[in-house]
Structure formats: C-alpha cells, structure tokens
Amino acid sequence: MPELFAYTDGACSGNPGPGGWGVLMLARDGGAVVKERALSGGEALTTNNRMELMAAISALEALARASEITIVTDSAYVKNGITEWMFGWKRKGWKTSTNKPVKNEDLWRRLDAAQAVHQVKWQWIKGHAGHAENERADELARAGMAPFKPKSA
C-alpha cells in the first residue's frame with residue numbers, strides 16, 4: 001500500500017498582501033513515487049500564516065476518502081498550532097493562553113475538521129534548505145500568488 005505525503009507551503013508578497021499556497025502530494029511505494037499531484041491557489045489580500053494554513057487544509061480536503069497521510073510543512077505555526085496549541089484553544093472557547101481571540105480561527109476550525117477525517121502525521125522541516133519537495137511546494141505557492149500580484153510597468 002503506498003504511503004501518502006503532502007508537502008505544503010504558503011507565500012505572501014507583503015504581509016498582508018497578495019498570497020498563494022502550494023501542495024505537492026506524493027504517493028510512495030518503497031520510497032519510489034508512484035503518483036504525484038500538484039495543487040495551488042491564492043488570494044489578493046492575505047497573510048503568510050493564512051496561506052500556510054490553506055495549503056494544509058487543501059491537501060486534506062483534496063483526499064477523496066479517509067486516508068493515512070503525512071503532512072510535511074516548513075511552518076512551525078501550522079505544526080505547533082495543530083499538534084500543541086489547538087487543544088487549549090478549543091478548551092478555552094477559541095481563546096489563547098492570554099485570553100485573546102485565536103487569530104485565523106476560521107481556518108483553524110476548517111483544518112481541525114479536515115484532519116478529523118484522516119489519520120494525519122505532522123512533520124516540520126526547515127524551509128529553503130534544499131528539500132526538493134518543499135522547494136516544489138514553494139514554487140506552487142508562488143504560482144498560486146502570481147495572478148494576485150500587481151503587474152509592474
């Protein structure tokens with residue numbers, strides 16, 4: 001049975017500003033890639049953190065059925081949010097430890113719902129450090145952002 005991986009990334013030109021997200025989904029059998037799928041999208045006015053979240057959400061929502069998947073992200077915000085902070089936020093009614101509203105609550109709730117359908121392992125890697133799949137996800141995020149960037153003269 002092939003193992004599923006989603007390499008996710010977000011990008012933003014200005015923060016806030018035009019942004020994009022990218023996902024490289026791979027099915028590996030014994031290390032060899034047997035299937036590949038690329039996803040990307042963007043928004044005219046957003047933040048880098050929202051695009052990082054949208055990449056992970058899009059990867060999970062793209063799966064046709066309940067699956068085991070490893071999400072590989074270079075965003076400590078996404079990985080720590082989903083694996084550590086979310087439990088407390090939910091317990092406190094979507095408030096932080098300082099009793100402030102959780103930023104990007106709409107996307108955190110969407111990610112929580114998308115994750116609930118699957119068995120997800122979360123893995124953090126250093127961005128822009130020569131990981132080929134992470135570099136591809138970054139290219140996809142930049143492509144997703146491109147239609148929203150102002151054209152220079």
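Predicted model: local features only at pLDDT ≥ 70, side-chain atom pairs only at ≥ 80, totals over all residues.
Student: Which strands pair with S1, and in what sense?

Tutor: Strand S1 spans residues 3-12. Strand S2 (residues 17-29) runs antiparallel to S1, with 10 bridges joining the two. Strand S4 (residues 68-73) pairs with S1 in the parallel sense over 5 bridges. Threonine 8 illustrates both pairings: its bridge partner in S2 is valine 23, and its bridge partner in S4 is threonine 73.

Student: Is S1 mostly covered or uncovered?

Tutor: In general, the side chains of a regular strand alternate between the two faces of the sheet. Here, S1 is mostly covered, with 7 of its 10 residues buried.

Student: Which residue takes a positive phi in the hairpin of S1 and S2?

Tutor: Glycine 14 does, with a phi near 90°; the hairpin has 4 residues between the strands.

Student: How is a pair of aromatic rings described?

Tutor: The description rests on the distance of the centres and the angle of the planes. In this model the count comes to 6 aromatic pairs. One of them joins tryptophan 89 and tryptophan 108 edge-to-face, at 5.1 Å centre to centre with 65° between the planes. Tryptophan 89 belongs to helix H2 (residues 76-91) and tryptophan 108 to helix H3 (residues 105-116), so their pair ties together parts 19 residues apart in sequence.

Student: Are these two tryptophans buried or exposed?

Tutor: Both tryptophan 89 and tryptophan 108 are buried. Ring pairs also link them with Tyr77, Trp85 and Trp94 into a cluster.

Student: Which charged end sits over the ring of phenylalanine 5?

Tutor: That of arginine 28, which lies 5.2 Å from the ring centre.

Technical notes:
Residues numbered from 1 in each chain as written. Heavy atoms only, no water. Buried < 20%, exposed > 50% of the residue type's maximum accessible area, 1.4 Å probe, protein only. Pairing = 2+ DSSP bridges. Phe/Tyr/Trp six-rings, centres within 6.5 Å; stacked < 30°, edge-to-face > 60°. Lys NZ or Arg CZ within 6 Å of the ring centre and 35° of its normal.
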